[in-house]
Amino acid sequence: MEFNDGRFVSKEHHELVRSATESADPLSVSPLQISTSPKSPRSPKLKSPKAQGNHVSPGKGSPRSPRSPMSPSKGSPTKGSPSKGSPLKYDRHSHSPRDGRPKKGGSGGKGTWGGLFDTEDNHFLDPRDPNYDSTEEFEHPNARKSTADIYEYKKKATVIVEEYFATDDVVSTANELRELGMPGYNYYFVKKLVSMAMDRHDKEKEMAAVLLSALYADVIDPPQVYRGFCKLVESADDLIVDIPDTVDVLALFIARAVVDDILPPVFLKKQMASLPNDSKGIEVLKRAEKGYLAAPLHAEIIERRWGGSKNKTVEDVKARINNLLIEYVVSGEKKEACRCIKDLQVPFYHHEIVKRALTMAMERCQAEGRLLDLLKEAADEGLINASQVTKGFSRMIDTVDDLSLDIPNARGILQSLISKAASEGWLCASSLKSLSMKPEKASLEDSAAKIFKMKAQSTIQEYFLSGDILEVSSCLESEISNSTSSDELNAIFVKRLITLAMDRKNREKEMASVLLSSLFFPADDVVNGFVMLIESADDTALDNPIVVEDLAMFLARAVVDEVLAPQHLEEIGSQFLGQESIGSKVLQMAKSLLKARLSGERILRCWGGGGSSRPGWAVEDVKDKIGKLLEEYESGGDVREACRCIKELGMPFFHHEVVKKALVNYIEKKNERLWWLLKECFGIGLITMNQMTKGFGRVAEALDDLALDVPDAEKQFICHVDRAKAAGWLDSSFSFTKQGHAKENGTCH
């Protein structure tokens, strides 16, 4: 053993180095650069920690290390002499603190490069390395092999994704992914697919979502999908550099994965707990949870956000469901039927499968057992979840009266099917509405209702083209005058009018609201029409994903137009209990719209305002027109003409301004004609009690300013309040309190 400069070298190792140096073939050894940094093991006196691990190429002026016993003899390659033709140089490798080689024994000591023939098979990734990539560190015994594998997988995965976006071939993509034979890295495919789709058009985003749903469980294991989305959320801060709308797009991908049942809802909370509060990943998860998954009818909205289930219409899906059920009844192959149901990729619409299977079972008694077996199998496997099963049975209960026309004992058969499903454990019968064995007494014949619906639809479509309200009124009068159930026909017309308008542009929606306010239907009939609309909202949502928003706006507009009173909202809400029901959501949204500042003006103009073709008036223009029509009327105008002008303003929610201006002018000028005008407007229903109350209230608020010009303004106003109460314009409970003035009852002089 030799000791030099405080270090020792074994004789065996010294002999090995010498023999290798002397026998080296200059042609077989590639030239390797070595370091002559101050931290070189040949320079033990210089111990700068900053130089440790740095690789410095020798050059002009580079410090040379002093001779040591380990230096090769003259004539052999020397360190620090990168002269041309040097056959052998030492390769310096960075070492990790996790390297388990011994520090002693000749080649593993601190500050050394290891033995000459060390192959470095146990190479480990160092997190402190500037080129370190966290995605390349896996739980594999050989890190170098893992790095090579993932590098190869990344290249092939990128090519597969590019080809899929070009061909839209799900089957070929699945086969190519299987051929890679590295299922442990499939989470990277999930990450790559989504991240590439995020930077493309809606078509590619929809394609990516469809592919993930198709590969889930069959090609990509659920834990790999879960891990892939974890990586995406963690890399949100990096993705946003190239994709500015990363938060919204990635949130939508996560929400779509939850809706498609390839990602559990608990994913959101678990990831929130594991991420820093200031990371973009937290924003992504919050947007997915509150912006998408918490919205009414979120499944339908999310499924259609990028263009819907590609090239699928509701009618197409219904036809495919019908075909697969017919084929199943003939073949009896449950596995094939379940595969077809899964291939539909419409989990939010599985209630239609339940409904059609039950209808078929009621129509074909011999197929009842086979169809119930299919539904039980699908429910047990989780293919059709419990809520969709319940929804399908509920829809059957709602339509059992129509089925009774073709199936005489429809109620009894349906009750039997419910009992069988509940006894087998795949239906919660307690969650269904009660099914009475006796049909409800129908006040309107079904045939008459169908005929009226067809005529109403034709009338409404003609109205959307012509805008002729009088023609609609005359058609309705001729149809309803001959019926003893006019209230039901009115409700049916309201439902048909709004249903057709919701499927059209804003112009038709505005025309529908104008027509509804012009027909003067009884409020109860309009209420019943909205109840029918809300009850059928689930079906409407298949064609109109924003049905809740549209219904809320129509309902709020009816209140603004005074077709309905605010208390009618409570009446509608009482028929839809439960915070999660569509009725409750429509009511909540309608109330929010009505509570907003300047809600009347905003709601009136939500679809363009002003009726079928003309734009809505500005508030200042309306005030000016009201002032001018009152001036003309005061100077000898006709009361009917004044009422016609007020009606033509088309702003019934602003009639309180007419009341206010008429009262102020009456107090100032004591012109009795103004009182007659208010009396006429109230008598024909042009100005409602609600608008009267609001108008009188506004005058009460302005009494201080009015008293500057008319000293007895308050006394006159109290007198007018008493007259209005006596005439029925105001409720007997109306009163006002003015600062600095006590409540008092005046008398007219």
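Helix axes are here lines fitted to C-alpha atoms over the stretch in contact, with angles running from 0 to 180 degrees between N-to-C directions. In this predicted model, helix H31 (residues 655–669) packs against helix H32 (residues 672–683) at an angle of about 155 degrees, and their axes lie 8 Å apart. Aromatic pairs in the structure number 13.

**Packing of H31 and H32**

- Because angles over 145 degrees count as roughly antiparallel, H31 is roughly antiparallel to H32.
- The crossing in which H31 passes H32 is left-handed.
- On the H31 side, the contact is made by Val 659, Ala 662, Leu 663, Asn 665 and Tyr 666.
- H32 contributes Glu 672, Leu 674, Trp 675 and Leu 678 to this contact.
- Seven residues of the contact are nonpolar, one is polar and one is charged.

**Aromatic pairs**

- A pair of aromatic rings is described by the distance of the centres and the angle of the planes.
- Among the 13 aromatic pairs is that of Phe 253 and Trp 306, a tilted pair with 4.7 Å centre to centre and 45 degrees between the planes.
- Phe 253 belongs to helix H8 (residues 246–259), whereas Trp 306 is in the loop between helix H11 (298–303) and helix H12 (314–331), so the pair ties together parts that are 53 residues apart in sequence.
- Phe 253 is buried, at a relative accessible area of 2%.
- Trp 306 is also buried, with a relative accessible area of 9%.

**Aromatic cluster**

- One aromatic cluster is formed by Tyr 666, Trp 675, Phe 682 and Trp 729.

Note on methods
Residues numbered from 1 in each chain as written. Predicted model: local features only at pLDDT ≥ 70, side-chain atom pairs only at ≥ 80, totals over all residues. Heavy atoms only, no water. Helix = DSSP H or I, 4+ residues; strand = E, 2+ residues; numbered from the N terminus. Parallel < 35°, antiparallel > 145°, perpendicular 65-115°, else oblique. Left-handed = near helix turned anticlockwise from the far one by under 90°. Contact = heavy atoms within 4.5 Å. Nonpolar A, V, L, I, M, F, W, Y, C, P; charged D, E, K, R; others polar. Phe/Tyr/Trp six-rings, centres within 6.5 Å; stacked < 30°, edge-to-face > 60°. Buried < 20%, exposed > 50% of the residue type's maximum accessible area, 1.4 Å probe, protein only.
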